[in-house]
Amino acid sequence: MRKISILVLFVGLVWMAGFFMSAGKHEGPWKPTYLSFNIPAGWPKPPKDIFISNRLTEEGFQLGKKLFYDGRLSKDGNFACATCHQQYAAFANYDHDFSHGFNNAFTKRNAPPLFNLAWMPLLHWDGAINHLEVQPLGPITSTIEMAEQIDSVLFKLKKDSAYRRMFKAAFGDATINSQRLLKAIAQFTGTIISAGSKYDKVQRGEASFTPSEQNGYQLFKTKCSGCHPEPLFTDYSFRNNGLSVNKLLNDSGRMRITRDNKDSLKFKVPSLRNVAISFPYMHDGRFFSLGEVIDHYRTGIVTAQPSLDSLLKKRIPLTNMEKNNLIFFLHTLTDSTLTHNPRFAVH
Amino acid sequence: MNNTNKWLIVILAILLCQQVMAQNNQTQNNQGTITLSFIPNVAGKPLVLNDSSYTNPFDEIYQISKFRFYVSQVSAKDKQRSQKEKNSYHLIDAADPASLQFSFSLKPGKYNSIDFLLGVDSVRNFSGAQTGELDPVKNMFWTWNSGYVMLKLEGRSTASTALNNRIEYHIGGYSGAFNTIKKIHLDANFEIVAGKSVSLPIKTDINTLWQGAHDIRIAASPVCAIPCALAMQIADNYSKMFSIIK
């Protein structure tokens with residue numbers, strides 16, 4: 001009897017082992033290096049976790065980085081994401097009001113810097129894009145930007161053994177499709193975080209402002225933080241800041257998306273982080289210096305526009321001394337740990 | 001001996017589990033199948049792309065080069081219950097005969113309706129990169145303003161004032177004031193028998209697009225390619241395009 005029961009036990013164990021092995025059979029040897037998304041101390045959580053269905057891995061990040069820097073995502077090979085989003089400009093397009101696209105075209109809006117995108121509920125100046133993952137579809141397929149089609153991009157990538165290897169490392173098998181392409185790029189762009197400026201060091205007690213910067217910071221808190229609240233230096237709302245309308249562009253901003261007159265001439269409030277290196281400013285890049293921007297708020301706002309933001313009805317009075325101090329403070333938002341970080345740089 | 005008994009119970013429990021799992025598989029085999037097949041036509045005339053001419057209720061003549069729409073969240077209902085198709089997303093494309101029909105399994109019994117969304121449910125419009133039927137390479141996802149095109153009709157009409165007399169209706173918008181997702185309810189009495197398949201042919205009349213709740217004239221509106229009031233009106237009209245052929 002005892003022998004029989006041991007035999008039964010043995011058979012049972014073999015069956016169980018077989019069961020567990022078959023359950024694990026489809027997993028294969030794929031072992032990616034999982035990464036965690038680190039929220040800087042004192043920052044709010046992102047409004048939604050964009051990585052909940054796109055689990056961060058080192059392999060996914062590296063694939064996303066390669067794609068970000070690869071001109072093959074464009075029709076003629078000349079335009080990578082990084083062409084208009086340069087690391088030394090905090091991933092804006094340095095010194096360009098409009099960017100160059102396919103066949104010598106100009107874009108119609110200023111390329112924004114890319115950082116802290118995981119906190120941004122809606123992307124683009126008019127909030128047209130509702131998820132970071134689908135954003136690259138815009139520039140890749142726009143005839144005045146990268147002018148390519150997604151299936152053509154996939155065709156090119158599939159021919160490249162390096163990509164087949166990297167897609168496998170990132171996703172477990174060598175399938176290359178649009179979803180994986182987009183998720184990988186989001187792993188790169190979504191983890192570019194800017195939280196290492198002098199301002200941040202001051203907040204952490206690792207540095208101190210000069211008297212001018214300190215004075216500028218106080219002015220910022222009373223005059224600017226209504227739309228640019230810390231620590232992200234934007235509330236991501238859409239507002240009309242009283243720019244005169246460029247008749248050649250006739251850009252109605254947020255209204256283009258919502259079709260609501262109330263949204264006429266409203267654009268997303270940009271973050272002020274890295275503002276000193278991401279000029280020119282505004283949706284159409286009309287101002288090339290911080291001085292011009294502040295002068296706009298002091299004296300240039302077109303107050304007759306019905307959708308003008310209520311905080312700007314009386315413009316923002318500032319003396320010349322205050323203007324200068326404010327500029328000193330804005331320079332403390334430049335994050336060289338972002339612009340010099342080899343993790344985000346092309347090899 | 002006590003010890004041996006314990007082990008015997010464990011082994012028996014394992015074998016029992018195995019039995020239950022096998023039974024579950026069998027339950028699936030005990031289901032029947034429903035096949036929905038869409039039959040695109042224009043007021044009863046079969047749809048022939050790029051060839052046949054059709055006349056809308058305002059005597060405007062048009063040809064069709066492209067006709068596609070999304071069907072999602074399909075379910076079959078009887079008085080008590082509703083059975084949903086899993087991962088229920090279908091791009092119906094007149095140019096691809098295989099796409100015009102799809103099947104899913106149902107428990108045996110009598111049903112009295114088929115329900116689905118004409119379009120892609122709102123959540124999938126803002127949940128990032130999708131794949132399969134929802135892959136953006138299908139050219140049904142807007143890149144300038146995130147969201148799916150729920151229905152696409154393209155062609156030409158002598159009544160059109162647009163470039164090359166084209167007509168182009170890309171109907172989309174998934175939220176707020178411009179939600180073009182339509183709940184479709186079709187009365188359908190059918191019985192599912194285990195291991196058997198039932199087919200429901202669904203006449204899909206494109207000519208409903210022009211008239212119904214609103215008059216849509218090609219001369220006035222040859223193009224609609226953004227979420228807007230016109231798109232809502234067109235969607236109101238074409239939401240009546242389905243009827244089950246008895």
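Reader: What does the secondary structure of chain A come to?
Author: Chain A has 13 helices and four strands, where a helix is a DSSP run of H or I with at least four residues and a strand a run of E with at least two, numbered from the N terminus. This is a predicted model, in which local features need pLDDT of at least 70, side-chain atom pairs count only at pLDDT 80 or more, and totals for chains, interfaces and linings use all residues. Residues are numbered from 1 along each chain as its sequence is written, chains are lettered from A and ligands numbered from 1 in the order in which they are written, and side-chain values use heavy atoms, without hydrogens and water.

Reader: How much of chain A is buried?
Author: Of its 347 residues, 52% are buried, that is, under 20% relative accessible area with a 1.4 Å probe and protein chains only. Chain A exposes about 16900 Å² (Shrake-Rupley, 1.4 Å probe), and carbon and sulfur atoms supply 58% of that area.

Reader: How many cavities of 30 Å³ or more does the structure hold, and what makes a space a cavity?
Author: There are two. On a 1 Å grid over the protein atoms alone, a cavity is a set of points where a 1.4 Å probe fits but cannot get out; its volume is the space filled by probe spheres on those points, joined across faces, edges and corners.

Reader: What makes up the lining of the second largest cavity?
Author: It divides into eight nonpolar, two polar and one charged. Lys48(A) is in that lining, and Lys counts as charged along with Asp, Glu and Arg, while Ala, Val, Leu, Ile, Met, Phe, Trp, Tyr, Cys and Pro are nonpolar and the others, Gly among them, polar. So Lys48(A) is the charged one. This cavity holds about 60 Å³.

Reader: And why is a pocket called a pocket rather than a cavity?
Author: A pocket is an open set, with protein on both sides within 12 Å along at least five of seven lines. The second largest pocket has a volume of about 380 Å³. Among its 21 lining residues, those closest to the centre include Ile257(A), Asn145(B) and Tyr174(B). Helix 10 (255-258) of chain A and strand 12 (174-175) of chain B each give two or more residues to this lining.

Methods. On a 1 Å grid over the protein atoms alone, a cavity is a set of points where a 1.4 Å probe fits but cannot get out, and a pocket is an open set with protein on both sides within 12 Å along at least five of seven lines; lining residues have an atom within 4 Å of a point. Buried means under 20% relative accessible area, exposed over 50%, partly exposed in between (1.4 Å probe, protein chains only).
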